Amino acid sequence: MMTKLEAIIQPAKFESVKQALIEIGIDGMTASEVRGHGRQKGHTETYHGHEYSVDLLPKIKVEIVMDNGLVDKAVSAIMKAAATGKIGDGKIFLFKVDEVIRIRNQERGVAAL
């Protein structure tokens, strides 16, 4: 069985999260720049004397599909590398994956990762 992990993290923490994942043996990942908010609902800023609301904050979404045996290590590595202890540190989502197929040579399952 395989699991897809999606982590939404602070942009400033991406390099340390990436390095932590590489150190535990995960080298395949997809990272995207995304925008969103959770409980913090953004913030207000002032520009040239005018106040405006910034309600969708920049984040990084890291996506990884891995063998189930690596999930606990990956979650721990991300939590340690991404945590600041402040609101907005992010979230980790886990999904079960039934199948993976490598397009180049039709490998399937964990071998295709």
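A residue counts as buried when its relative accessible area is under 20%, as exposed when that area is over 50%, and as partly exposed in between. The legends below use these words for close-up views of a predicted model.

View 1. Glu-6 has a relative accessibility of 14%, and because buried means under 20%, Glu-6 counts as buried. Glu-6 forms a salt bridge with Lys-4, in which the closest N and O atoms are 3.2 Å apart. Lys-4, for its part, is partly exposed, with a relative accessible area of 24%. Side chains of opposite charge can pair when their charged atoms come close.

View 2. Glu-63 lies in strand E5 and, at 19% relative accessibility, counts as buried. When its neighbours within four places in sequence are left aside, Glu-63 is in contact with Lys-4, Leu-5, Glu-6, Met-29, Thr-30 and Ser-32. With one of these residues, Lys-4, the side chain of Glu-63 makes a polar contact through the side chain of Lys-4, at 3.0 Å. Salt bridges that share partners join Glu-63, Lys-4 and Glu-6 into one network. Glu-63 and Ile-26 are 37 residues apart in sequence, and their C-alpha atoms are 11 Å apart in space.

View 3. Four strands form an open sheet in the order E2-E5-E1-E6, with antiparallel pairing. Strand E2, covering residues 30-36, and strand E6, covering residues 90-97, stand at the edges with a single partner strand each, so one side of each is left without a neighbour in the sheet. From one strand to the next, the twist averages 25°. Strands of a sheet pair through backbone hydrogen bonds, either parallel or antiparallel.

**View 4. Strand E1 and its two partners.** Of the 8 residues of E1, 6 are buried, so this strand is largely enclosed by the rest of the structure. E1 is joined to E5 by 8 bridges, and these two strands run antiparallel. Thr-3 stands opposite Met-66 in E5, and Ala-7 stands opposite Val-62 in E5. E1 also pairs with E6 in the antiparallel sense, over 8 bridges, and the bridge partner of Lys-4 in E6 is Phe-95.

**View 5. The helices H1 and H2 against the strands.** Helix H2 lies across E1, E5 and E6, and runs at about 5° to E1.

**View 6. The largest nonpolar core and the residue Leu-5.** The largest nonpolar core has 19 residues, and those with the most contacts inside it are Leu-5, Ile-9, Leu-21, Val-62 and Ile-78. Strand E1 (2-9), helix H1 (14-23), strand E5 (57-67) and helix H2 (71-82) each supply at least two residues of this core, and H2 gives the most, with 7 residues. Leu-5, when residues up to four places away in sequence are not counted, touches Val-62, Glu-63, Ile-64, Met-66, Ala-74, Val-75, Ile-78, Ile-92, Phe-93 and Leu-94.

View 7. A search of the whole structure finds 5 salt bridges, and in one of them the side chains of Glu-99 and Arg-108 meet at 3.4 Å, N to O. Glu-99 is partly exposed, with a relative accessible area of 39%, whereas Arg-108, at 53% relative accessibility, counts as exposed. In another salt bridge the side chains of Arg-102 and Glu-107 meet at 2.8 Å, N to O. Arg-102 is partly exposed, with a relative accessible area of 24%, and Glu-107 likewise counts as partly exposed, at 29% relative accessibility.

Key: Residues numbered from 1 in each chain as written. Predicted model: local features only at pLDDT ≥ 70, side-chain atom pairs only at ≥ 80, totals over all residues. Heavy atoms only, no water. Core = buried A, V, L, I, M, F, W, Y, C linked by side-chain atoms within 4.5 Å. Buried < 20%, exposed > 50% of the residue type's maximum accessible area, 1.4 Å probe, protein only. Contact = heavy atoms within 4.5 Å. Polar contact = N/O pair within 3.5 Å; in protein donor to acceptor, adjacent residues only side chain to side chain. Pairing = 2+ DSSP bridges. Axes fitted to C-alpha atoms, helices over the stretch in contact; angles between N-to-C directions. Salt bridge = Lys/Arg side-chain N within 4 Å of Asp/Glu carboxyl O.
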